[in-house]
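Biologist: Could you take me through the aromatic pairs in this one, and what surrounds them? I'd like a close look at that part alone.

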Amino acid sequence: MNIKKEPVSEQEDQSMPTKPHPAQIQPLPPIKAKSLTPEQVRILTSHFEIKDYLSRKEMRTIATKANLTDAQVRDWFKARRIEEDTPMIVDEKHSDVQLSSTPVVIKQEPVEED
């Protein structure tokens, strides 16, 4: 089966839309997150204390109760889990207390001579 392509005239070629160069594409402005009301935070927190992973049904129930979308509930729970797992960084202060009374001696391996 031979399929012949008809030549494209210059006029038709110019009318065809072209993709802009990637450098010409302007990035979208960041979407500002809407802050939650204290009541919404209370609902989410109380459910998080019971269970930190939700099924889709539980997510939908909480979203309806808090007047949020499923995605907002999912993202809040995810951020909260990350927040709980992140250790708090505390500035270390110098202490005169030593863990061991004997100094640690590191032995070096002998070097073989040729």
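Modeller: Keep in mind that this is a predicted model. It holds three aromatic pairs. Take Phe 48 and Trp 76: their ring centres are 6.1 Å apart and the planes meet at 90°, so this pair is edge-to-face, the cut-off being over 60 degrees. The pair ties together distant parts of the chain, since Phe 48 belongs to helix α2 (residues 38–50) and Trp 76 to helix α4 (residues 70–85), 28 residues apart. Phe 48 counts as buried because its relative accessibility is 4%, and buried means under 20%. Trp 76, with a relative accessible area of 17%, is buried too.

Trp 76 also pairs with Phe 77, again edge-to-face, with 5.4 Å from centre to centre and 70° between the planes.

Now for the surroundings. Phe 48, Trp 76 and Phe 77 are among the 11 residues of the largest nonpolar core, which also includes Ile 43, Leu 44, Met 59 and Val 73. Helices α2, α3 (56–66) and α4 each give two or more residues to this core, and α3 gives the most, with four. Leaving aside residues up to four places away in sequence, Phe 77 touches Leu 44, His 47, Phe 48, Lys 51, Asp 52, Leu 54 and Ile 62.

One more ring to look at is Tyr 53: Arg 81 lies over its face, 4.0 Å from the ring centre.

How values were computed. Residues are numbered from 1 along each chain as its sequence is written. This is a predicted model: local features need pLDDT of at least 70, side-chain atom pairs count only at pLDDT 80 or more; totals for chains, interfaces and linings use all residues. Side-chain values use heavy atoms; hydrogens and water are left out. Rings of Phe, Tyr and Trp (its six-membered ring) pair if their centres lie within 6.5 Å; planes under 30 degrees apart count as stacked, over 60 as edge-to-face and the rest as tilted. Buried means under 20% relative accessible area, exposed over 50%, partly exposed in between (1.4 Å probe, protein chains only). A charge sits over a ring if NZ of Lys or CZ of Arg is within 6 Å of the ring centre and within 35 degrees of the ring normal. A nonpolar core is a set of buried Ala, Val, Leu, Ile, Met, Phe, Trp, Tyr and Cys residues joined through side-chain atoms within 4.5 Å. Contact means heavy atoms within 4.5 Å.
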